[in-house]
Amino acid sequence: VVRVCGRISEEFNNSVKIDGNELFFSASIGISICPDDGTSVEELHKNADIAMYHAKTLGGGEYQFFSVEMNSEVDVRLMLELQLRKAIEHDQFEIFFQPIVDSRTEKVAGVEALTRWIHPELGIIPPSTFIPVAQETGCIVQINDIVLRKSCLKCKELIDAGYGSIYISVNITSHQFVNKRILESISIALEESKLTPENLIIEITEDSIMKNVTEINGIMKDLKKLGIRFSIDDFGTGYSSLSYLKKFPLDNLKIDRSFI
């Protein structure tokens with residue numbers, strides 16, 4: 001089987017010319033073996049498919065044998081996907097604050113919104129667990145809307161309680177910039193909370209901002225005119241290009257620990 005996979009991969013190493021364009025491909029191969037991985041065509045095909053997706057996560061051009069552990073991972077992912085949709089429906093997301101301190105005055109200047117999924121049975125589920133699933137399924141857009149709205153409401157509550165004109169920093173994924181949805185999302189959140197634009201900072205990760213430089217830059221400039229501020233998160237983990245920082249209307253740069 002391994003020799004056959006090798007021959008298949010070698011064939012894909014050759015480029016293909018279509019309409020004068022030279023195209024390159026790679027093959028991700030999943031393998032299941034009878035009877036250990038199944039005794040029916042359907043079961044073998046399903047398990048080979050699971051193994052193939054694992055090969056894709058390694059970057060493509062790889063082959064993977066099916067294992068029981070893979071099946072368990074798929075079961076967990078399907079469970080998370082189902083529960084995630086219920087979490088949106090039943091409003092199970094809570095916002096926690098991480099204070100942002102001005103080192104010169106030693107006073108709290110603002111807060112960063114941290115999202116946690118409060119599952120009725122599993123307890124607190126961190127973003128590192130559910131955000132990748134949310135991005136794959138498209139649920140991330142609805143979650144972003146919920147987080148943005150709740151964050152603005154809570155920030156306005158703090159200001160009204162006498163904490164001064166602090167700001168709140170909210171992490172938004174690039175999915176929200178598609179079709180300029182973020183313009184509508186921010187407008188609704190600010191209108192509902194009565195929070196001023198100057199009290200809101202939108203965080204977007206370095207890799208997200210580079211997915212569509214021209215479009216995202218245009219949207220950021222439109223929001224900048226309203227008074228919204230922007231921060232680049234995880235700088236140093238992706239492109240780390242100092243030159244492109246001049247192109248975006250940025251206010252803050254959050255340098256990743258690994259970069260330092």
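This is a predicted model: local features need pLDDT of at least 70, side-chain atom pairs count only at pLDDT 80 or more; totals for chains, interfaces and linings use all residues.
Residues are numbered from 1 along each chain as its sequence is written. Local features need pLDDT of at least 70 and side-chain atom pairs count only at pLDDT 80 or more, whereas totals for chains, interfaces and linings use all residues; side-chain values use heavy atoms, with hydrogens and water left out.

Helix α1 (2–12) and strand β1 (16–18) each supply at least two residues of the patch; helices (H or I, at least four residues) and strands (E, at least two) are DSSP runs numbered from the N terminus. The largest share, 3 residues, comes from α1. F12 is found in this helix and is partly exposed, with a relative accessible area of 35%. In this classification, buried means under 20% relative accessible area, exposed over 50%, and partly exposed in between (1.4 Å probe, protein chains only).

Side chains of opposite charge can pair when their charged atoms come close. With a salt bridge defined as a side-chain nitrogen of Lys or Arg within 4 Å of a carboxyl oxygen of Asp or Glu, the count comes to 10 salt bridges. One of them joins E81 and R85, at 3.4 Å from N to O. Both residues lie in helix α3 (residues 68–89), 4 residues apart, which is about one turn of the helix. R85 is partly exposed, its relative accessible area being 41%. In another pair, the closest N and O atoms of D102 and R104 are 3.2 Å apart, and R104 is exposed, with a relative accessible area of 75%.

A further salt bridge connects the side chains of E203 and K254 (3.1 Å, N to O). This pair links distant parts of the chain, with E203 in strand β9 (residues 200–205) and K254 in strand β11 (residues 252–255), 51 residues apart. E203 is buried, at 2% relative accessible area, whereas K254 is partly exposed, at 26%. Through salt bridges that share partners, E112, E203, D233 and K254 are joined into one network.
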